[in-house]
Amino acid sequence: MRSTRTVLFALLVVWIAGFPPAATAGRNAFALSSTAFANGGVIPKVHECTSGGGSDPAKKNESPPLAWSGAPAGAKSYAIVMRDLDNNNLIHWVIYDIPVTSASLPQNVEHVYRPAVPAGSRQVYYRGSASLYGYQGPCSPSTVNTYEFVVHALNQASLTSLNTNSSTQTAARAIAAASIGSARISGES
């Protein structure tokens with residue numbers, strides 16, 4: 001009986017030794033951040049929409065700068081989906097086919113299907129109050145809503161099933177199907 005316990009204990013030690021310590025795993029966790037706002041913080045006005053009818057010159061509808069680290073090793077490209085969590089998860093922005101060599105997006109990604117930066121990426125046409133390609137900032141004039149940005153590491157270099165006519169919902173489904181990991185940040189506006 002004693003030898004059985006010793007063997008079982010030895011097997012347990014070997015099995016546990018095969019797992020990295022929690023601190024090491026945490027350092028390599030997939031993470032998304034922005035220099036424009038802290039997670040859970042206030043999204044600056046420069047990132048709010050200009051289509052709400054207001055004339056506030058601080059509102060410029062510029063996408064915030066985003067950066068990520070610790071992506072899964074199998075990533076072949078990235079995609080970002082932004083949603084208004086307080087408005088039925090309304091999708092405000094989808095950018096995909098971001099090259100795997102990228103680890104960030106600059107502020108104010110162009111409002112075109114194929115922005116120059118990051119090269120090779122594509123954006124979905126937002127069919128709403130603005131009707132434009134790319135980022136549509138927070139547009140909640142009478143309430144404070146929470147907006148979530150999610151970066152997905154994808155198992156494909158390109159989502160070839162998507163094109164200029166794809167809807168935000170179709171793109172979000174394709175991204176979710178190809179996702180091998182994600183990280184998120186949210187802000188209020």
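Which residues are buried in helix α3 (residues 168–178)? They are Thr168, Ala171, Ala172, Ala174, Ile175 and Ala178, where buried means under 20% relative accessible area, exposed over 50% and partly exposed in between (1.4 Å probe, protein chains only). Bear in mind that this is a predicted model: local features need pLDDT of at least 70, side-chain atom pairs count only at pLDDT 80 or more, and totals for chains, interfaces and linings use all residues. Residues are numbered from 1 along each chain as its sequence is written, and side-chain values use heavy atoms, with hydrogens and water left out.

**Helix α3**
- Helices (H or I, at least four residues) and strands (E, at least two) are DSSP runs, numbered from the N terminus.

**Salt bridges**
- There are three salt bridges in the structure, each a side-chain nitrogen of Lys or Arg within 4 Å of a carboxyl oxygen of Asp or Glu.
- Asp97 pairs with Arg122, with the closest N and O atoms 2.7 Å apart; Asp97 is in strand β5 and Arg122 in strand β7 (residues 122–123), 25 residues apart.
- Asp97 is buried at 6% relative accessibility, and Arg122 is buried at 7%.
- Arg184 and Glu148 meet at 3.2 Å, N to O.
- Arg184 is partly exposed at 46%, whereas Glu148 is buried at 15%.
- Lys59 and Glu48 form a salt bridge at 3.6 Å, N to O.
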